[in-house]
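Hello,

Here is the structure we talked about. Please look it over first; my notes follow below.

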Amino acid sequence: MGGNPFHDRAVSSALEAWEEALIRLKGFRGRSLPQTLEGFVSLAAENDVRRLQLRSQVLHKLIGGPITVLPPDTRHVDYEIIPVIIADGCLYNCGFCRVKTGDDFAPRDKKSVKEQIKQLKAFYSHDLPNYNAVFLAQHDALNAGQNLIEFAASNAYEILELSRSSMKGAYLFLFGSVDSLLKAKDGLFEMLQGLPFRTYINVGLESADQETLTALGKPIASEMIGEAFGRMLEVNKCYERIEVTANFLLGSNLPQGHLPNSLDMIRNELGRFYSKGAIYFSPLVNGASVSRETRRTMVRRFGEIKSISLLPTYLYLIQRL
């Protein structure tokens, strides 16, 4: 995943809007309000930016680190998820990626995962009914294997009392790699299909062009990208409650074969439109400063891609927690 030229501006705007809203809320203190609103106004007015930052620090300490990126599929629940880290690190640590830790992949043990979930229940407390989604983190939970995934998902559903959520249904999100998707047996997907969740698995494919993969420092062959894409389509067809989605990169400095080869795979090989299997394009940006014209060019190019795609296609607006 590359940097996102839209993320920092969006965060800054959101914080400014929140501060303005708090000023207005604090203005209501002391006024005569309906009893049903008094508690809400008092609690909301206390949650200034500093308090929210402290709360995020507590959450990061509790789960053993910050969530550097959320799966794009969490848009389905407005990014409102409860994170449960079941594995650290990554199989590839690609050269272009800015959001991964650089550590080797290592699953956590069941005891620590269950204890994490119990502490999360205490952390969210009375706010739990406002959540109905769990993110099994971090960057390749699919590689943690069927046993640990089932253990974490089942305990999260039970301990966090998701069946009592005020929100309809329950959702499970996780990242997967090309290798973990290709080695995943049917039994793993059958297990996920049987859980009380609608499950989304997001896989970083990045490009179907070998020159681009090499330039990105992604240590796999383009043939594996094609195999993983085929497996994605197969899983989406066979399992009604599971959707595998994929990420590709969008950038002006990528090799010429990147978009033609990638579009050939996600469009020309399909033949018809598929409603499952969203494709997310992540802007690849080298450096924090991005010109307005560069942003416009990326958005315009994405619009062209979206207009011809035979799969649901979105920009990957990277969110963190």
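**Strand pairing and the sheet**

Phe173 has Tyr200 in strand 6 as its bridge partner. Strands here are DSSP E runs of at least two residues, and helices are H or I runs of at least four, both numbered from the N terminus. This is a predicted model: local features need pLDDT of at least 70, side-chain atom pairs count only at pLDDT 80 or more, and totals for chains, interfaces and linings use all residues. Residues are numbered from 1 along each chain as its sequence is written, and side-chain values use heavy atoms, with hydrogens and water left out.

Strand 5 (residues 171-176) pairs with strand 6 (residues 198-206) in the parallel sense, over six bridges. Pairing requires at least two DSSP bridges between two strands.

The open sheet has seven strands, in the order 1-4-5-6-7-8-9, with parallel pairing. Strand 1 (82-85) and strand 9 (313-315) are the edges, each pairing on one side only. From one strand to the next, the twist averages 25 degrees.

**Two helices**

Helix 10 (residues 258-268) and helix 11 (residues 292-308) have axes that come within 11 Å and cross at roughly 30 degrees. Helix 10 is therefore roughly parallel to helix 11 (angles under 35 degrees count as such). Axes are lines fitted to C-alpha atoms, for helices over the stretch in contact; angles run from 0 to 180 degrees between N-to-C directions.

Which residues meet? Leu259, Leu263 and Arg267 in helix 10 meet Arg301, Ile305 and Ile308 in helix 11. Contact means heavy atoms within 4.5 Å.

Best wishes

Conventions:
Parallel < 35°, antiparallel > 145°, perpendicular 65-115°, else oblique.
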